[in-house]
Structure formats: C-alpha cells, structure tokens
Amino acid sequence: MLESFELSALLISLFAGLLLGIPVGPTMFLIVDTSMQVSRVGGLKVYCGFMLAKLIYIGFALLANSYITSNENVEAAFYLVASSMLVIWGVIILFKGFKKKENVKTPESGQLLKRGLYVGLSNPVIPFIYLTFIQFIRLHSTEADTFVYIVHILIMEVVTLIVLSSIIALLLKGGSFVEDHWNKVVKAMGFVLICAGSYQVYQMIDLKDGEVEINNDKNVLEEQLENIEQ
C-alpha cells in the first residue's frame with residue numbers, strides 16, 4: 001500500500017493518461033480516423049483543435065468544480081446532455097462508416113483545426129472527465145490547489161498523447177489489412193457510442209406516472225469515484 005499521497009496522485013495521473021489515450025470517445029476516434037484517412041499531419045491538426053477545446057473545458061472544470069459538485073440538479077442536467085451528445089456522435093460516426101474511402105473529401109488544414117475544436121466543444125463528457133480527475137487528485141494529494149491540479153493535468157495529457165500516437169502508429173503499420181477493414185471499425189465505434197450514450201441517458205431519466213424527470217438522487221461524480229475505487 002502506498003504511503004505517499006503525492007506518489008498516489010502521480011500514479012493516478014499516469015493511469016488516467018493511459019486510459020484516455022485509448023480512442024473510445026468521438027473526438028479521439030476522429031483523430032485516429034483522420035490519421036488513417038488523410039495523414040498523420042492531418043490527425044495532429046485535429047488534435048491541436050481538440051486541445052483548444054480541452055483548454056476551455058479545463059478552465060471550466062477548475063472554476064466550476066465546487067459549484068457543480070454541490071448542485072445536484074445542474075450536474076444531473078449537464079450529464080444528461082453529455083450522454084445525449086454521445087448518442088448523436090455515435091449515429092454520425094456509424095453513418096460515416098458506410099461511406100467509401102473514395103467518396104470521403106480531403107479537408108483543408110484550417111478545416112481540420114476547426115473540426116477538432118468543434119467536435120471537442122460538442123462533447124460535454126470532457127469536463128466531467130476533468131471534474132472527476134480533480135476530485136481524485138484532491139483526495140490523494142497533500143496540497144490540493146490550482147497549481148497542483150494543472151501539473152497533474154499536464155502529466156495526464158502528455159501520457160494521453162503518447163498512448164494515442166502509439167496506437168495510430170500501430171494501425172498505420174497494419175497496412176492494407178487495416179485499411180481494408182477500417183470502415184468496419186468505424187461502424188463498430190459508432191455502435192458502441194450509441195449504446196454507451198443510450199445507457200447513460202436511461203440511467204439519468206426517471207419515468208414516474210407518465211412524466212419524464214431527471215434522476216438526481218445521487219451525485220454523479222461521487223458515484224463515479226465509488227465505482228472506480230471499488
């Protein structure tokens with residue numbers, strides 16, 4: 001058992017970076033898809049646009065952390081919107097998988113940056129990732145302040161980029177085999193996002209006497225922390 005809370009916080013940052021580097025969300029998958037369909041440089045441009053969106057959400061998480069975690073109605077509504085957006089992006093990605101490669105237009109450099117920014121901003125799950133991460137660092141760090149949060153977020157982001165870059169490199173080495181089956185991967189990701197988002201929406205909605213209500217009986221972040229700690 002670790003006796004150093006600082007070491008615990010560092011390990012949490014590294015582990016979070018490893019998990020977030022796996023392209024399971026719509027934006028991260030878009031980066032991989034662009035790298036496969038356009039080029040590595042194109043994927044990097046999407047990632048740069050995505051980082052702009054992440055910077056906005058990091059600032060939001062740092063500023064609104066106390067307010068959101070103490071207001072169950074706001075948190076529940078925000079999480080419901082985030083889950084609904086996952087379903088929408090799942091549908092978009094699923095239909096994208098039915099497009100043939102020759103029918104996919106190569107976007108310009110500026111469009112790739114904007115695409116990363118817009119897709120990142122339209123994914124409200126991201127601030128919840130940072131809010132949950134901040135809660136973990138606060139629990140496992142002896143000095144929890146804004147500077148400490150930023151340092152650990154930077155560690156997490158560096159690890160995330162390394163993991164994502166490694167996955168893209170492995171996929172590109174797959175050559176024609178991966179390329180020939182890539183549309184199947186795209187369809188599968190769209191289906192996964194639809195299922196994940198739909199399940200979260202189901203969890204957040206409470207049907208009572210024919211009326212639809214948002215389930216805010218339990219703090220979402222507290223529940224996430226309990227599930228991960230278990």
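This is a predicted model: local features need pLDDT of at least 70, side-chain atom pairs count only at pLDDT 80 or more; totals for chains, interfaces and linings use all residues.
1. Among the contacts in the protein with a separation of 6 or more, 82% are accounted for by residues 24 or more positions apart.

2. The largest nonpolar core has 38 residues, and those with the most contacts inside it are Ile31, Tyr130, Phe133, Ile137, Leu164 and Trp182. At least two residues of this core come from each of helix 1 (5-20), helix 2 (26-37), helix 3 (40-70), helix 4 (72-96), helix 5 (109-121), helix 6 (125-140), helix 7 (146-173) and helix 9. Helix 6 gives the most to this core, with seven residues. Apart from this core lies another one, of six residues, which includes Ala76, Phe128, Val201 and Met204.

3. Ile137 is one of the residues with the most contacts inside the largest nonpolar core, and its neighbours can be listed individually. Leaving aside residues up to four places away in sequence, Ile137 touches Ala9, Ile12 and Ser13, and also Val148, Tyr149 and His152.

4. Helix 2 has twelve residues and reaches 16 Å from its first C-alpha to its last, which is close to the 16 Å expected at 1.5 Å a residue. Eleven of the twelve residues of helix 2 are buried, so this helix is largely enclosed by the rest of the structure. The buried residues of helix 2 are Pro26, Thr27, Met28, Phe29, Leu30, Ile31, Val32, Asp33, Thr34, Ser35 and Met36, and of these Ile31 is also among the residues with the most contacts inside the largest nonpolar core.

5. Helix 9, covering residues 182-204, has 23 residues and reaches 33 Å between its first and last C-alpha atoms, close to the 33 Å expected at 1.5 Å a residue. Its buried residues are Trp182, Val186, Met189, Gly190, Leu193, Ile194, Gly197, Val201 and Met204. Within this list, Trp182 is one of the residues with the most contacts inside the largest nonpolar core, whereas Val201 and Met204 belong to the core of six residues.

6. The contact is made by Pro26, Phe29, Val32, Asp33, Met36 and Gln37 of helix 2 and by Trp182, Asn183, Val185, Val186, Met189 and Leu193 of helix 9.

7. Leu94 lies in helix 4 and, at 22% relative accessibility, counts as partly exposed. Not counting residues up to four places away in sequence, Leu94 touches Lys187, Gly190, Phe191 and Ile194; of these, Gly190 and Ile194 are among the buried residues of helix 9. The C-alpha atoms of Leu94 and Asn183 are separated by 9.2 Å, although these two residues are 89 residues apart along the chain.

8. A search of the whole structure finds zero disulfides. As for individual cysteines, Cys48 is partly exposed, with a relative accessible area of 39%, and Cys195 is likewise partly exposed, with a relative accessible area of 36%.

Terms used
Residues are numbered from 1 along each chain as its sequence is written. Side-chain values use heavy atoms; hydrogens and water are left out. Helices (H or I, at least four residues) and strands (E, at least two) are DSSP runs, numbered from the N terminus. The expected span of a helix is 1.5 Å times one less than its number of residues. Buried means under 20% relative accessible area, exposed over 50%, partly exposed in between (1.4 Å probe, protein chains only). A nonpolar core is a set of buried Ala, Val, Leu, Ile, Met, Phe, Trp, Tyr and Cys residues joined through side-chain atoms within 4.5 Å. Contact means heavy atoms within 4.5 Å. A disulfide is a pair of cysteine sulfur atoms within 2.5 Å.
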